[in-house]
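Here is a walk through one protein chain. Take a look at the sequence and the model before reading on.

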Amino acid sequence: MKITKRTFEEDQKLQEFARTPHENKPQFNWGGLVDEGRWNSPHILVGSTGSEEVSFDIAEVANIIGNALTNLLLSREEQDIFSEKNKSFVARISNLVGGRLEEQLVNGESIILSRRDINHLIEKALIEEEAFDVAKSLLFASKIEDGTGGLEDDDDENRLQLRLIRRNGKVVPWNESKIEIAIRKAFLSLELDSEPAVQLARDVTRHILKLGQEFVNIEDVQDLVQEILMRTGFYKVAEAYILYRARRAHDREATSLSVVSQEDENQESMVVVRQANGETYFWDGLDLRKRIEFGIIGLDLCLAPDEIEKELRRSIFADMEEGDLHKTIILNAKALLEKDADFSKFAGRILLTFLYEEVLGWNIVEDGVEALKDFHRRAFKRNLKRCVEIERLSDRLLEYDLDKLAEALDPTADLDFDYLGIQTLYDRYLIVDKTGQEHRRLECPQLFWMRVSMGLFLLGENNREDPIIELYSLYKSRRFCSSTPTLFNSGTLHSQLSSCYLYKVGDDLESIMVRGIAENAFLSKWAGGLGGSWTAVRGTGGYIRGTNGESQGIIPFLKLHNDQLHAVNQGGKRRGSGCAYLETWHNDLFDFLELRRNTGDERRRTHELNIANWIPDLFMKRLEKQEEWTFFRSNEVSDLHEIYGRAFEEKYCEYEAKAESGEIYGEKHPT
C-alpha cells in the first residue's frame, strides 16, 4: 500500500466521502477475500450498544478495512479500487487482526469485544503496516457510523451534562470522541501509533470536569489539548496539532472573506497550469516566493527578492504544463549565475525544493522549510523499504536501528550545495524508482549520504549505528567523500565499492577477448575504472603459429575495448573509464600514440579510451645522447615486459644485438 502525506484539504475531502451514504458509493465484496473458517471462533464475541453479543466475523473486519480504503481512494479520484493490489492489502490486514485476536484466546476462555475494540485492533494493524492514511480514513468512517467514535464508557453523569460552545455560537453536548479523533489525526499525520489518544482524550475530559463549568469554549478545549500533549512529552504531536489548528483557522478566515475585485493587482501574475493528469489550476506564484525565501538564506545577492521573482517568471505563459513550469523556474535560476556567483547556491536550493517534494511528499507552502527535518525522518524508513521492495537496496539495511539513524539526518547541510553538486546527484547518484510509468527518486542528498554510510558498515559488529552516524557527519559536511563506485553501489544488492582495476592482457586471443574485453565490460558495468597493460600482445607483423598468418597488432583490439567502454557506460550513469598502457619498445607505439587524434581512419581511433606510454630509464639515457632506439615485436622479446632496471637494460641490449644479426625483428629510429 503506497502511503503519502495528506494535506488539510485532502482530509476535508476524505471526511466528505465518509459522510456519503453507502448506496451512493461503489460496492465491493471485501468480505469475500478472507477465509471465514480460519478466524471465526465462538469464543470471540462482539457486542454493541443496545444489542446482544454475536460471534466475531472476519468478513465484517475485511469490509470495514475495505470501506475505509474505498473512501480514501475515492477522495483521491482513483478509479481502480478493487484491484489485486488493494484486495491483497485488505486480506493481509484482516488476517493480521484475526491473528491478534487468536493470540488473546487462553485455555479456551471467551473474550468479549466492543465495536471500539475492533476498530482499535484494525487501526493498530494498519499502523504496523504503515498505512497511516487508511487508518485516518477509518477514523472518519467510525466517527460517522458510530456517532461516538467508538467510545462507550460515557457513564459519568457530569460528563453527560457538560456542554461545548462552538465557534458559531451553538451549544452541543460534550463528545469525547471528537477530541480523541483530533488527537489521533495528529499522531497519524506523523506516522505514529495513535493508541495514546484514548487516554489523552480522557485526560482532557477530566481536566474540563475539574473546572466545575457546565459550558466550555472550543478554543479553550483545543488549548488544553496542546497543553496536555506537551506535558506528557508528545512534543512533535503537539506541533502537528498546532499546525492543524492554524490551517483550520486559515481556512475559516479565507471562507469568511468577501470576494475580492476581479481587478486584483496580482491577477495578471496568475496563470493556468496543466497537471500531468490533464487537470488545470491557477498558479499565483506563492510557492515561487516561498522557494525564493528558502534560496536566499544566508546569501548576500545582488538582487532583491522581488527582482529575483521577476527573473524567475521569465518565459512562463498560460496553459503551461506543470513539469515545464518547474523546469523553467530552475533554468531561470541557473541563468542568474552570470549576475552573482552566490546564485550557484541559490539555484541549487531551488532545485532542492522540487527534489524534496518528489522524494519526501513535502509541500513548501503547506509545510514550510521548518518541517523538512521531520519529513526527512518520516521518509527515511519508508523509502528504504521501497528501495528494498523494488530490489535496488539490500534488505540487510532494514536490520539497523532506523529510528536512531533517522534522528541524525540534518537537512540544513544541503544549504552548502551549489547547483552543479545538486544536479550531479540528481542525474547520477540518487536511487530512482523506475517500476511505474513515471520515474520517481527515492533519495534526496541526506538520505543518500546515510544510505552510503549504512552500506559500508553491513559487516560491522554490535552498535553499528554510532560509526554510521560519524561517517555520515563527514559526508554531509563535505570533509570526506568516497569514490563514485562506492556512492553508486553501497548498500545495493551488488555492493561493488572499488574504484579502479589493473589488469594485464596476455599474447593469446582468449586473454585478449576474455580479460581485455568481456571481463572489463562487467567491471565497467559496476562503475570500475580500468587500467591495463597491452604490451604483451604481439605487434603488427608478428607471426601467428596457429594460423600461419601475421598479426594485425594491438590497434584493432584496443578499438574493441574503446567501443566496449562506450556501450557499457558504468551502468548508464556516466561514461566508461579506461586506460591502455604500452611500453616504449613495442613496435606498434607510433600507431598507439595516434589513437586519440581527431583526424585519420576512425577504425584506428579510440576517443573513449585513454592511453599511456611506459618509458624506461634506458630510453631517456638514449634521448640525452641522441642515440637510436629499437622497436621489437613483443612475442619475440616477451621477458622484456617482466623486468626493469639494470636487468632490463642488459636484456634490451642483448635483443638489439640479435636484431642487428637478423635473429629477431628490430626497427631502429632516432630518439
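**A guided tour of the chain**

Buried residues account for 46% of the chain's 671 residues. The model is predicted. Its accessible surface comes to about 34,200 Å². Carbon and sulfur atoms hold 49% of that surface.

The chain contains 26 helices and 19 strands.

Next comes confidence. The average pLDDT of the chain is 85. A score of at least 70 is reached by 87% of the residues. Which elements mark the two ends of the range? Helix 19, residues 445-456, has the highest mean pLDDT of the elements, at 97. Helix 7, residues 157-161, has the lowest, at 55.

Two stretches call for caution. Over residues 144-157, pLDDT stays under 50. The model gives this stretch 26 contacts beyond four places in sequence. Over residues 257-268, pLDDT also stays under 50. Here the model has one contact beyond four places in sequence. Where pLDDT is low, the predicted coordinates should not be read in detail.

Three strands form an open sheet in the order 8-7-9, with mixed pairing. Strand 8 (280-283) and strand 9 (320-321) are the edge strands, because each pairs on one side only. Strand 7 covers residues 271-274. Strands 7 and 8 run antiparallel and are joined by four bridges.

Move on to helix 18, residues 419-429. Which of its residues are buried? They are Tyr419, Ile422, Gln423, Leu425, Tyr426 and Tyr429. What do these buried residues pack against? Their neighbours include helix 14 (322-335) and helix 15 (343-360). Strand 11 (440-441) and helix 21 (484-489) are also among them. So is helix 19, the element with the highest mean pLDDT.

Finally, look at the cysteines. A disulfide is a covalent bond between the sulfur atoms of two cysteines. How many disulfides does a search of the whole structure find? The count is zero. Cys302 has a relative accessibility of 46%, so it counts as partly exposed. Cys653 is partly exposed too, with a relative accessible area of 36%.

Note on methods:
Residues are numbered from 1 along each chain as its sequence is written. This is a predicted model: local features need pLDDT of at least 70, side-chain atom pairs count only at pLDDT 80 or more; totals for chains, interfaces and linings use all residues. Side-chain values use heavy atoms; hydrogens and water are left out. pLDDT is the predictor's confidence in each residue, from 0 to 100. Helices (H or I, at least four residues) and strands (E, at least two) are DSSP runs, numbered from the N terminus. Contact means heavy atoms within 4.5 Å. Buried means under 20% relative accessible area, exposed over 50%, partly exposed in between (1.4 Å probe, protein chains only). Accessible areas come from the Shrake-Rupley method with a 1.4 Å probe; for residues, only the protein chains shown count as cover. A disulfide is a pair of cysteine sulfur atoms within 2.5 Å. Two strands pair if DSSP finds at least two bridges between them.
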